[in-house]
Amino acid sequence: MLAFFVTYFARLAISPVVPLIIDDFGVSNTAVGVALSGMWFAYGLSQFPSGILADRHGERRVILVAVGGTTAMSLLLALVPVFPAFVLAAVLLGLAAGLHYAVATTLLSRTFDDLGTAVGLHSLGGPLAGLIAPVAATWVGVRYGWRPGVALAAVVGVPVFVLFARRVRSTEPRRPDQPMSERLRLGPLLELLGRREILVPLAVATLGTYVAQGVISFLPTFLVEFRSYTPAFAGGVFSAFFVVRAGAQVGLGRLSDRVGRDASIAAALLGGALGLAGLVALPDLVRLPLAVGLPAVPELAALGAVVFLAGLGSSFFSAIDPRFMDALGDAERGAGFGLIRTVYTVIGSAGSVGVGLVADLFGWGASFLVIAGLAGVAFLVTVVNALASERR
């Protein structure tokens with residue numbers, strides 16, 4: 001969980017200081033979106049090889065490389081002199097951070113029976129980073145510039161690296177002697193992805209990741225430019241978003257162990273669709289009670305409600321990742337889950353550039369309505385697939 005905290009903190013420390021980065025380099029929302037999408041693309045791309053490396057060398061070594069590499073790349077990102085170098089450093093940061101999640105989930109699957117609960121608790125590291133990183137990066141960024149704000153990841157990365165190295169025991173590699181070339185054969189990979197129990201949730205995970213990436217990359221900027229909130233208040237709302245996500249990650253993981261994966265996934269995605277649409281229609285929500293003779297809702301209360309739903313929507317990972325694990329055999333879980341994570345994270349990483357591009361072309365309102373609609377589509381696909389599975 002703490003290792004995931006580091007890899008997430010490093011990526012999230014960038015979003016709250018995006019306006020400062022834009023001003024410093026003189027670039028557009030789309031350009032920064034390209035950098036962030038490149039980071040998330042690289043993050044997804046390294047998931048599959050991370051699983052293969054873990055099968056060959058053990059999970060502990062790979063996670064240590066992820067934490068150490070993330071720490072080093074955060075420092076590099078803070079020192080770049082020009083924007084092209086910023087893009088390259090962001091991609092390298094994503095590559096290092098992406099080595100962690102699939103490997104950690106595989107390690108949990110070898111340790112715990114209640115995998116949904118375990119994944120939810122592990123995933124808590126992300127929302128905890130979301131609680132701290134936006135406030136800390138905003139506070140430091142406003143006072144000292146975006147570079148020290150981004151470099152904060154090294155402050156948490158070094159002690160967690162040492163702690164993990166000392167406290168987590170090594171595990172036996174699953175396939176220490178199997179040649180790497182055998183793991184990269186195209187036929188078995190396509191067969192795995194083509195299974196119905198993998199393919200449909202993979203489509204849902206891809207849509208949900210696109211939405212989540214867009215929100216995580218640009219929610220503070222949306223609140224500043226579309227809602228005219230101050231950067232400090234927007235950073236506080238961003239942290240509140242991750243507080244919700246923290247509780248929802250654990251709650252949805254436990255719920256998926258008890259009532260089923262699909263029901264938990266659908267509930268999260270529906271909440272996300274409503275919450276993102278509500279962020280755009282916030283003034284209408286405030287005035288809505290007036291139509292029936294009731295007092296208007298305080299704006300802060302309405303904002304809290306829609307942020308709660310948006311945070312719920314981005315927590316679907318703690319239910320859908322165990323669903324993939326359920327569909328994989330024990331021998332497939334290392335490289336197989338890494339491959340699945342690579343596919344949906346790589347494609348979903350376009351959410352950053354997509355949201356930034358639509359915002360530049362049509363405005364922030366249209367941009368967030370688009371991802372609200374995509375969350376709604378993912379909800380419908382989940383429901384239809386669950387009903388079809390029950391009838392078979």
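This is a predicted model: local features need pLDDT of at least 70, side-chain atom pairs count only at pLDDT 80 or more; totals for chains, interfaces and linings use all residues.
Local features were considered at pLDDT of at least 70 and side-chain atom pairs at pLDDT 80 or more, whereas totals for chains, interfaces and linings use all residues. Residues are numbered from 1 along each chain as its sequence is written, and side-chain values use heavy atoms, with hydrogens and water left out.

The domain assignment, with bounds taken from an automatic or database source, divides the protein into domain 1 (1-169) and domain 2 (184-391). Their C-alpha centres are 20 Å apart. Contact, defined as heavy atoms within 4.5 Å, involves 45 residues of domain 1 and 49 residues of domain 2. The two domains bury about 3800 Å² between them, and carbon and sulfur atoms give 67% of this area; buried area is the accessible area (1.4 Å probe) that two parts lose on being put together, summed over both. Of the area that domain 1 buries against domain 2, 17% is supplied by Asn29, Trp40 and Phe48, more than by any other three residues.

Helices are DSSP runs (H or I, at least four residues), numbered from the N terminus. Axes are lines fitted to C-alpha atoms, for helices over the stretch in contact, and angles between N-to-C directions run from 0 to 180 degrees. Helix α3 (residues 29-45) packs against α20 with the axes 6 Å apart and an angle of about 170 degrees. The two helices are therefore roughly antiparallel, a term applied to angles over 145 degrees. Among the residues in this contact are Asn29 and Trp40 of α3 and Asp360 of α20. The contact comprises six nonpolar residues, seven polar and one charged. In this classification Ala, Val, Leu, Ile, Met, Phe, Trp, Tyr, Cys and Pro count as nonpolar, Asp, Glu, Lys and Arg as charged, and the others, Gly among them, as polar.

Helix α20 (residues 350-362) also meets α13, their axes coming within 7 Å and crossing at roughly 65 degrees. Four of the contact residues are nonpolar and seven polar, with no charged residue.

A further partner of α13 (residues 196-225) is helix α18 (residues 317-327), with axes that come within 11 Å and cross at roughly 155 degrees. These helices are therefore roughly antiparallel to each other, and their crossing is left-handed. Contacting residues include Leu202 and Thr209 in α13 and Arg323 and Phe324 in α18. The contact contains 10 nonpolar residues, one polar and two charged.

Arg323 lies 11 residues along the chain from Leu312, and their C-alpha atoms are separated by 18 Å. Leu312 belongs to helix α17 (residues 299-313). Residues up to four places away in sequence aside, Leu312 touches Val244, Ala248, Leu252, Ala267, Ala268 and Gly271.

Key
Angles under 35 degrees count as roughly parallel, over 145 as roughly antiparallel, 65 to 115 as roughly perpendicular and the rest as oblique. A crossing is left-handed if the near helix is turned anticlockwise from the far one by less than a right angle, and right-handed if clockwise.
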